[in-house]
Amino acid sequence: MAVKKTEKIWHNGKMVAWDDAQIHVMSHVVSYGSAVFEGIRCYKTPQGPAIFRLREHMQRLLRSAYIYRMEIPFSLEDLSNAAVELVRANHMDSCYIRPVILRGYGEMGVNPYGCPIETYMACWEWGRYLGEEALREGVDVCVSSWRRPAPDTLPQMSKAAANYMNSQLIRMEAMANGYTEGIALDAQGFVAEGSGENLFVVYDGRVWTAPIANSVLPGITRSTVLTFCQDFEIPVVEQSIPREMLYVADELFFVGTAVEVTPIKSVDKVKIGIGRRGPITERIQKEFFATTSGEKADTRGWLTPVNVAVTAGR
């Protein structure tokens with residue numbers, strides 16, 4: 001999906017023109033993938049644009065950077081306020097927000113310490129990641145031949161750019177074989193997640209999902225769905241999931257900032273459940289969109305309104 005250019009990008013505390021937000025080809029990030037990032041959605045609500053779970057996303061960004069020993073001079077409040085300012089500056093009703101912390105132009109070599117750390121934040125209009133129809137009818141997926149890295153190789157709790165080379169292989173293989181998306185197994189052969197989505201399995205009246213130890217990203221939407229399940233008194237099981245459970249599941253669905261809540265109708269050409277969105281998936285999906293759209297009262301403080309004065313920061 002093509003990126004639709006907006007007017008401003010936030011860079012190291014200042015707004016710059018979209019076309020001026022550039023890095024040198026010899027920046028450390030280009031050769032070594034030394035960046036961490038976030039994906040955040042801002043939704044249109046009756047009260048104006050509102051960013052969903054902004055602080056949780058920015059907290060994960062800072063933790064991702066900390067794992068890779070990337071220190072920045074911006075606090076959680078600074079980054080959260082910058083996101084609000086950015087959406088406001090670009091006059092967006094709804095958008096996707098992409099903060100990136102990267103190692104820039106300095107020294108060359110695996111040792112990154114001599115390279116400056118740059119912080120950027122962009123936003124643009126972005127629709128349904130897998131298409132509008134996918135939200136209703138579900139998608140066809142496969143189990144990928146590419147596995148998630150072992151826990152002692154690349155830290156999967158960090159949303160790092162380098163991890164997404166693995167994701168690209170999973171997605172490209174799936175598409176080349178006629179599927180919409182792929183599901184990765186972990187190093188031990190247990191179900192992990194999609195190329196860029198967490199995965200939930202509905203089986204025997206319970207909702208199953210892989211624990212963080214199975215090489216999955218601690219997703220913000222994943223956390224949201226777990227909260228909904230608690231509200232609905234749906235039992236949740238967080239434990240290792242064998243591959244064959246995918247085929248005999250009553251329902252499967254992906255969750256994530258980009259994909260939101262998307263049902264899966266088949267895996268490896270095996271029909272899942274009724275072959276389309278199931279009742280538990282639909283209930284969670286409706287709750288998610290009622291929450292993000294502002295249709296339901298925001299009792300948890302998950303929505304950060306853009307048209308409200310920015311709190312003191314920097």
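Predicted model: local features only at pLDDT ≥ 70, side-chain atom pairs only at ≥ 80, totals over all residues.
Trainee: Which residues touch the most other members in the largest nonpolar core?

Mentor: Ile51, Met58, Leu79, Val87, Ile97 and Met121, out of 27 residues. A nonpolar core is a set of buried Ala, Val, Leu, Ile, Met, Phe, Trp, Tyr and Cys residues joined through side-chain atoms within 4.5 Å. Buried means under 20% relative accessible area, exposed over 50%, partly exposed in between (1.4 Å probe, protein chains only). Local features need pLDDT of at least 70, and side-chain atom pairs count only at pLDDT 80 or more, while totals for chains, interfaces and linings use all residues. Residues are numbered from 1 along each chain, and side-chain values use heavy atoms, leaving out hydrogens and water.

Trainee: What does valine 87 touch?

Mentor: Leaving out residues up to four places away in sequence, Cys42, Ile51, Met92, Cys95, Ile97, Cys123 and Val306. Contact means heavy atoms within 4.5 Å.

Trainee: New topic. Is valine 25 buried or exposed?

Mentor: Valine 25 counts as exposed because its relative accessibility is 58%.

Trainee: And where is valine 25?

Mentor: In the loop between β2 (14-17) and α1 (28-32). Helices (H or I, at least four residues) and strands (E, at least two) are DSSP runs, numbered from the N terminus.

Trainee: How many residues of α8 are buried?

Mentor: 10 of 14, so α8 is mostly covered. Among the buried ones are Ile280, Ile284, Phe288 and Phe289.

Trainee: What comes just after α8?

Mentor: Glycine 294, with a positive phi of about 80°.
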